[in-house]
Amino acid sequence: MNNRQVLLASRPTGWVSEANFRVAEAPLPKPGEGEVLVKNLWLSLDPYMRGRISDAKSYVKGVEIGEVMTGETAGEVLESRHPKFKPGDTVTAPSGWQLYCSVNGEMLTKVDASRAPLSHYLGCLGMPGRTAYFGLKDIGAPRPGETVVVSAASGAVGMVVGQLAKAWGCRAVGIAGGPQKCEYVRSLGFDACVDYKAGNLYDDLKAACPKGVDVYFENVGGPILDTLLRLMNFRSRIVVCGLISDYQASEPYGVRMFRSILVNRIKVQGMIVFDWVERYPEANAALLELLLAGKLKYRESVLEGIEAAPKGLIGLLQGRNFGKQLVKLA
Ligand SMILES: NC(=O)c1ccc[n+]([C@@H]2O[C@H](COP(=O)([O-])OP(=O)(O)OC[C@H]3O[C@@H](n4cnc5c(N)ncnc54)[C@H](OP(=O)(O)O)[C@@H]3O)[C@@H](O)[C@H]2O)c1
């Protein structure tokens, strides 16, 4: 049995291309003392990966040329030299883009695949779900009756934000690209969804938010943020979760409506989900409960085979994914 990996071959300048990656064969890793050998079944593709292959300073060290591309997987334990794990356990792992990994057991999370599909532990029950939960609950802090707007609403984080807003008694309004994505977002129970590609974002959002916006969950940045700044209420909150429209831009977008923050006393706060690591069990339990109660619907966008991962990341950064982007590995 051999391992198959995707390595970073070169750093992209601007848009990522398939030439930035290389597929390689490697021997199956042997678990050392305290380590666990995992067969990866699902690979998660996430926008943060664009930052990891750039040499710009970020909140985590990037991937070096020739290294296995970074990423989280869900899979099954084949062999364990750690007391907490046994063969057959299902886990999520900081494996990287490869079919097998051998990692310290302390870095694995055991997940219960009998309660929800294993892939969901990389999505609504995993990092994106927890991001939505803590960002909205702790920073957005919405009160019942308030209006919550989220961008990239049909995506991994956005889908959860809007459904949590509904579960917490708010008006939920999504922003997504294209009529098909907007229709899907409405089918999740959002009160409205606005297509930012239709060219009428300010008026459409104004109509969808008749009482203004109390919480804006920012996933994209750019002109969409400026449009929201014109609609934010007095003492409203902006959760700065992601700025995907900037990730491949040669120059960062310059916000024009900054004055609105002053005039409306808006609280703007950036977030990185790791900051809540001690409270992950709280989010995991709340999200699982909603899912099992049928109050959290979720869509996945699945590619097959490890070789498809570069194409999947490129598509995700261009909005070609429709739901949480995953690669099925086996
Ligand atoms: N801070 C944290 O801890 C944390 C954790 C997880 C994720 N994030 C951030 O959260 C955001 C969403 O992540 P996700 O995993 O849920 O991804 P996702 O929404 O599943 O996929 C990305 C989506 O972004 C939209 N998009 C791409 N380029 C855009 C552009 N130029 N303008 C507007 N929208 C654009 C596309 O949707 P449309 O087709 O609708 O445009 C695309 O489908 C990202 O910015 C990510 O970096 C942050």
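Which residues lie nearest the centre of the second largest pocket? They are Leu225, Val240, Leu243, Val255 and Val268, among the 15 residues of its lining. A pocket here is an open set of points on a 1 Å grid over the protein atoms alone, where a 1.4 Å probe fits, with protein on both sides within 12 Å along at least five of seven lines; lining residues have an atom within 4 Å of a point. Helix H6 (223-229) and strand E12 (232-240) each give two or more residues to this lining. The volume is about 190 Å³, taken as the space filled by probe spheres set on the points, which are joined across faces, edges and corners. By class, the lining has eleven nonpolar residues, three polar and one charged.

The model is predicted: local features need pLDDT of at least 70 and side-chain atom pairs count only at pLDDT 80 or more, whereas totals for chains, interfaces and linings use all residues. Residues are numbered from 1 along each chain as its sequence is written, and side-chain values use heavy atoms, without hydrogens and water.

The protein has nine helices and 15 strands, which are DSSP runs numbered from the N terminus (helices H or I, at least four residues; strands E, at least two). Its C-alpha trace spans about 60 × 45 × 35 Å along the principal axes.

Helix H2 (residues 127-140) packs against helix H8 (residues 280-292) at about 105 degrees, with the axes 9 Å apart. H2 is therefore roughly perpendicular to H8, a term for angles of 65 to 115 degrees. Contact means heavy atoms within 4.5 Å; on the H2 side it includes Tyr133 and Phe134, and on the H8 side Ala283 and Leu287.

Finally, Lys86 lies in the loop between strand E4 (73-80) and strand E5 (90-93). Lys86 touches Val77 and Ser80, not counting residues up to four places away in sequence.

Notes:
Axes fitted to C-alpha atoms, helices over the stretch in contact; angles between N-to-C directions. Parallel < 35°, antiparallel > 145°, perpendicular 65-115°, else oblique. Nonpolar A, V, L, I, M, F, W, Y, C, P; charged D, E, K, R; others polar.
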